[in-house]
Amino acid sequence: MPSSSDFDSQRPAKTSAMTFRFSGLLKKELREILRDRRTIITLVLMPLLVYPLLGLLLQKFFLNQITQMGKVEYRIILPNDSEGQMLRALFHKGDKLLASKQKQGEAETVKTKSDAALATFKQEKPVIKFLILDQSENRQSVAALVRAGAVDVGVRYIPIETPNHDKDSGRFDIIYGAQSAHSRRVAEYVEQRLQAVRWDYRDRLLDELGTSDTVPFAASVSAVESKPGKAFSLVTIVPLILILMTMTGAVYPAIDLTAGERERGTLETLMAAPLPRMWILSAKFIAVLVVAIMTALVNMTAMLATAYANGLETVLFGEGITSFVLLEILLLLVIFAAFFSAVLLCITSFARSFKEAQAYLIPLMLISMAPGILGMVPDLKMTPVWAVIPLANIVLLSRDFLLHEAQPLLFFVSVFSTLFYGVVALSLAARIFGTDTILYQNNSSWTDLLKRSHQTHAVPALNNAMLCLAVLFPVFILSASFVSRLGEISISQRLLVSGTLTFSLFLLIPLLFARLGGVKLKTGFRLRPPRILACLGAILLGFTLWPFAYELEIMVLSDDRIESLSKLFESLKLELGTVPLWVKLVSLAVLPALCEELFFRGYLLSALLNRVSNKWAILASSLLFAVFHVIVRDSLFIERFFPSFLMGLCLGYVNVLSRSVIPGIMLHMIHNGLLLTIASYQDSFSEWEINLANQKHLPMVWLGGSLLLVIVGFFLIRISNRSRQSQSAGGSD
Amino acid sequence: MIVVKELTRIFEADKQDVLAVDQVSFEVQQGEVYGLLGPNGAGKTTTLRMILGLLQPTSGDAEVEGFLVSRHPDEIKRRVGLVSTSAGLYQWLTPREILSFFADVYGVPHQEATERIAKLSRLFEITSFLDRRAATLSTGQKQRVNLARSLIHNPPVMLMDEPTRGLDVVGSKVIFDYIDHLRDEGKAVIVCTHRLDEAEQLCDRFGLLYNGKKCYEGTLAELQQCTSCQTLTQIFLQLLAAPVEYQETATIIQEKVI
């Protein structure tokens, strides 16, 4: 019989073995789900049946809407009255010519794709409004008004030099908004009328056997980038369709790979294998994601084919189905599919049978419809708060993305937070999937998640810490907004209320999670008493790190940003001036230092250190710490990212070196306190020109001196760590 | 090889605590087949699941090859093979794919896995349907695939939960041969069953569980010596008729054995 050490030595190299085992797991999940006929039915048959029907319904709905709307208005703007009169005369002439041709029973010669879907427009004549630009405005404004969506098209007349000077000739420029299908339709409508007049003129010329060779005018159509009209745009339905598509694809595999596994009796053998639960869930997640994306792709193909066949593509996507639009939708599909795959897996992990899983998913499907409708709410703007609300963020993001209005920063915040929620959902699923309550008992419920662990743990589990962060994050943002609404109280009181509230949240929520997870407070929050040398080093760093944070902020801030920030904070600055320094120190230095350190470098870092190397743990905690500082109530202060990240790295390093949260608290407190004191006595420091608004760099001597002291500070903490190690080694000997 | 130390498990049912396993302790040596016997609901399967780390014990611990399940659950799982009647197969996969999948997750190198699949296929006579979809196999065929699956990583310890349930005579014979094979290979085996006649043929030693407590432990000869009964079934019926009295007898027997 081999001994345990022999057994260990037989195993292949750790990393390659891990990849090997995970790929085996993933292969099995994909094989199992993709061979299942029910997956194929959802994947292929559903779209084949649903979309042609949906296309017909949509067309009927659209036509019905048009009939109900009554007269459609076409607004055409011209630069001046004379051009207006000329166009109006030609337009009416063209209109009559087309009408007479129709009366003669001729098929309309000019037919466009978008008109095919809107056949009723030919019956219902639109109301044409010719508008004349204010004389004080210049010609460029015609395009500007189209761009702004104030009118449907703009028309300009440009005279052309002709060989026969006795005859006038020119070109009509018809300008329409590229993002508006309606605008394009109006342009086509005008162009058709002008063309009719031209052809009529040519016909008559031919009749007269070429007595003249000058055509009186030409017409050209050009597009300008335009704001979509405030009217209801069908593109806003797309997020809802994306929700339906990806959810339809993810539901069956999510249930089958979790509850189905238990029902078939394969879960026990899987859980008896030496596999981390997060691996099992990750492999299942990838399998569900693949099916969700495949289903969505088949759906999308069917949908676009239906839209194209019914002539609805310009109605849906303005410029029609271009490869760019396809890419955009594909990207959004992946985001939606990833989100739903994680959330559905999380929910179905609680279920022990197909039936139970279906019962859990129905409320989710209904709830998901609500944010889907958000995209259709007019004037609902994407804000940083919306950007962190699950599902609502990607719905608004999709709408803005397809309307080409997405702000890059909010785009990344939405994507990042969605990924974060996905990871949290998977962590939750890993916490519950395959546990004895799911494997063997019949009476477990959601409350099991909140049951206190029977065993005590020295450090929190990573999913516990992440769940804590997921709860803390929105509650913190909400509480900040709540404090801002307290208009009646003075700024000092507000600062104290805000500080106390933040402190309570950062203390109470992690404490609650520590209790649920059976985490020992001393080790879970890294409350070990530090060495004196470590404290001295931290104090020194507290006094000497600020110049680097200051320099980093100067590097990040642009002139424009400083101007907008100074405008934003002008009133606040005046108000803050009246606040006693001690209030500022307590609310902005002492309390934040205590609570942020206890959570980020206490609870979160100890969970991270237990799972990954020191380097990655510090990096991850610093990143989350910096993101937390960027989002302030309903706005984003991206310039706070880099200094906060730098501080996070230093504080994390100090924490790991000293193995205690206490030196970090001292460092953080002194650092914040010092910056506040400098700001309070800014006038006294003016001769040294320490002012962010001036963007003046600090003297090199200051930076050099600070760097030296920072090195000394870290050195002291390192020495303290060594002496602790040698002492503990001596003790064990 | 296997040391079970005062394992206890309390379940919550209808807001009441139910003692499913009550301080059960025993040891199983290399090459020994240990029968964990008892009526339905005695706590046999719960004990087995706690040894493997699938159920968290309320108190107590189990040790396999020097590894404690409370501290190194993955090390235990690496060293244990599980055969359970409730275990199903992935219906859309073939036996070959299933065996290959479990070889992957237990970290068996590819070449070794191929050789073991070939060897186990011959041993359990599954070669003819190795590439057929699992959903199309009969109960006996599925059971044989499951036996092969449990040995794919060549574990030193085997846990078997009601291995013959639902099997006909031929199927049961396969299990008997399998257990003999495990004994010959020097593995430590725990068999949970309520089929006492089978247990008599299969096991070297027995532990009798009743209402979560271990009432008796020893070989068949030791039991026959201390009771007037000849078979395990007779002993068990006596135990059910007078549990309290029997428990006392059992304790005396245990003392004698020690």
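A salt bridge is taken here as a side-chain nitrogen of Lys or Arg within 4 Å of a carboxyl oxygen of Asp or Glu. By this criterion, three salt bridges are counted between chain A and chain B in the structure, which is a predicted model. One of the pairs that meet the criterion joins R31(A) to E97(B), with the closest N and O atoms 3.8 Å apart.

On the side of chain A that touches chain B, two or more residues each are supplied by α1 (4-10), α2 (14-35), α3 (37-69), α10 (267-271) and α18 (436-439) of chain A. The largest share, nine residues, belongs to α2(A). Sorted by class, this side of chain A holds 15 charged, 14 nonpolar and eight polar residues. In total, 37 residues of chain A contact 41 residues of chain B. The area buried between the chains is about 3800 Å², and carbon and sulfur atoms contribute 57% of that area.

A helix pair within chain A was also examined. The axes of α25 (residues 581-611) and α27 (residues 641-658) of chain A come within 11 Å and cross at roughly 65°. The crossing of α25(A) with α27(A) is right-handed. From α25(A), the residues in contact are E597(A), R601(A), L605(A) and L609(A), which meet G648(A), L651(A), G652(A), N655(A) and V656(A) of α27(A). The residues of this contact comprise four nonpolar, three polar and two charged.

Key:
Residues numbered from 1 in each chain as written. Chains lettered and ligands numbered in written order. Predicted model: local features only at pLDDT ≥ 70, side-chain atom pairs only at ≥ 80, totals over all residues. Heavy atoms only, no water. Contact = heavy atoms within 4.5 Å. Buried area = accessible area lost by both parts, 1.4 Å probe. Helix = DSSP H or I, 4+ residues; strand = E, 2+ residues; numbered from the N terminus. Nonpolar A, V, L, I, M, F, W, Y, C, P; charged D, E, K, R; others polar. Axes fitted to C-alpha atoms, helices over the stretch in contact; angles between N-to-C directions. Left-handed = near helix turned anticlockwise from the far one by under 90°.
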